[in-house]
Amino acid sequence: MTQQNSNLVSLDGVSLTYGGRTVLSKVDFSIKQGEIVTVVGPNGSGKSSLLRNVIGAVTPSVGTVARQKGLKIGYVPQKLHIDPTLPLTVRRFLSLPKRVSDSVANAALIQAGVSALADRQMTNLSGGQFQRVLLARALLNRPHLLILDEATQGLDQPGSAAFYRQIESVRQELGCAVLMVSHELHVVMAASDRVICLNGHICCEGAPEFVASAPEYRALFGNGTQGALALYRHEHNHSHDHECDHSEEGTAA
């Protein structure tokens with residue numbers, strides 16, 4: 001990896017079309033080492049498509065995606081179905097499909113805050129424990145970029161808040177960047193360095209306080225998250241430039 005301030009991933013003018021329908025339109029996006037960036041937007045706004053472009057699972061119809069050489073990405077999905085009749089311990093799960101050493105597995109479980117679960121059956125885990133194990137799996141290769149796609153879906157608010165506190169701990173320990181997609185605006189906005197409001201195109205982006213007060217954001221979500229930003233406790237300098245697109249809404253997927 002190169003110097004700390006360079007972009008891990010950069011999207012330049014990315015558009016994505018499926019079956020003649022525009023999912024993403026002229027998206028410019030980048031993320032640097034150590035940043036926590038959250039993408040918010042209504043259903044069908046292209047959030048998952050943006051992640052797939054970042055990961056490299058899809059190729060943009062227009063535009064380019066640049067990834068730093070040697071970039072390692074960890075991914076925590078929305079959900080993962082495991083056959084309840086399949087006997088599978090957490091430790092065994094971490095070695096699928098490729099075996100990892102006990103030391104690597106144990107380190108990942110510790111980082112995810114579930115060090116005592118190695119011998120538990122996957123089907124006996126609570127929702128919060130299951131998501132922590134998925135997080136541990138994403139941390140096995142000590143990623144430079146950790147991506148979470150609605151990773152707390154189905155958890156209650158205290159469980160979600162605890163999960164995001166664990167993500168902050170991981171960021172501090174590994175120095176990795178974190179890219180999140182979530183509907184839990186009150187929690188995620190408070191946990192983020194930068195927020196991107198997406199609705200087919202980037203409507204608005206910047207520090208959470210800036211985005212929460214932007215008319216583009218309020219047009220999509222109303223004012224419900226404004227008070228929750230009192231939870232915001234980062235002491236980072238948010239003096240970077242903020243951008244807002246006052247054009248008409250783009251095509252939503």
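Me: What do strand 6, helix 5 and strand 7 make together?
Reply: Together they form a β-α-β unit, and it is right-handed. Keep in mind that this is a predicted model.

Me: How do strand 6 and strand 7 pair, parallel or antiparallel?
Reply: Parallel, over five bridges, with strand 7 covering residues 177-181. One of the bridge pairs is Leu-146 with Val-178 of strand 7.

Me: And which sense for strand 5 and strand 6?
Reply: Strand 5 (residues 73-76) also runs parallel to strand 6, over four bridges. There, Tyr-75 has Ile-147 of strand 6 as its bridge partner.

Me: How many residues of strand 6 are buried?
Reply: Five of the five, residues 145-149, so the strand is largely enclosed by the rest of the structure.

Me: Which residues point which way from strand 6?
Reply: Leu-145, Ile-147 and Asp-149 go one way, while Leu-146 and Leu-148 go the other, and all of them are buried.

Me: OK, switching to helix 3. Which residues are buried there?
Reply: In helix 3, residues 102-111, the buried ones are Ala-105, Ala-108, Leu-109 and Gln-111. Looking down the helix axis, the buried residues sit within an arc of 160°, so they line one face of helix 3.

Me: Why would residues a few places apart point the same way in an α-helix?
Reply: There are 3.6 residues a turn, so those three or four places apart point the same way.

Me: What's exposed on the other side of helix 3?
Reply: Ser-103 and Ile-110 are exposed over there.

Me: And what covers the buried residues of helix 3?
Reply: The cover includes helix 2 (90-94), helix 4 (127-138) and helix 5 (157-174).

Me: Last one, Ser-6. Where is it, and is it buried or exposed?
Reply: Ser-6 is in the segment before strand 1 (7-18). With a relative accessible area of 15%, Ser-6 comes in under the 20% cut-off, so it counts as buried.

Me: Which residues does Ser-6 touch?
Reply: Leaving out residues up to four places away in sequence, Ser-6 touches Lys-32, Gln-33 and Gln-68. With Gln-68 there is a polar contact between the two side chains, at 2.7 Å.

Technical notes:
Residues are numbered from 1 along each chain as its sequence is written. This is a predicted model: local features need pLDDT of at least 70, side-chain atom pairs count only at pLDDT 80 or more; totals for chains, interfaces and linings use all residues. Side-chain values use heavy atoms; hydrogens and water are left out. Buried means under 20% relative accessible area, exposed over 50%, partly exposed in between (1.4 Å probe, protein chains only). Helices (H or I, at least four residues) and strands (E, at least two) are DSSP runs, numbered from the N terminus. The arc is that of the directions from the helix axis to the C-beta atoms. Contact means heavy atoms within 4.5 Å. A polar contact is a pair of N or O atoms within 3.5 Å; within protein, one must be able to donate a hydrogen and the other to accept it, and residues adjacent in sequence count only if both atoms are side-chain atoms. Two strands pair if DSSP finds at least two bridges between them. A crossover is right-handed if, with the strands pointing away from the viewer, the path from the first strand over the helix to the second runs clockwise.
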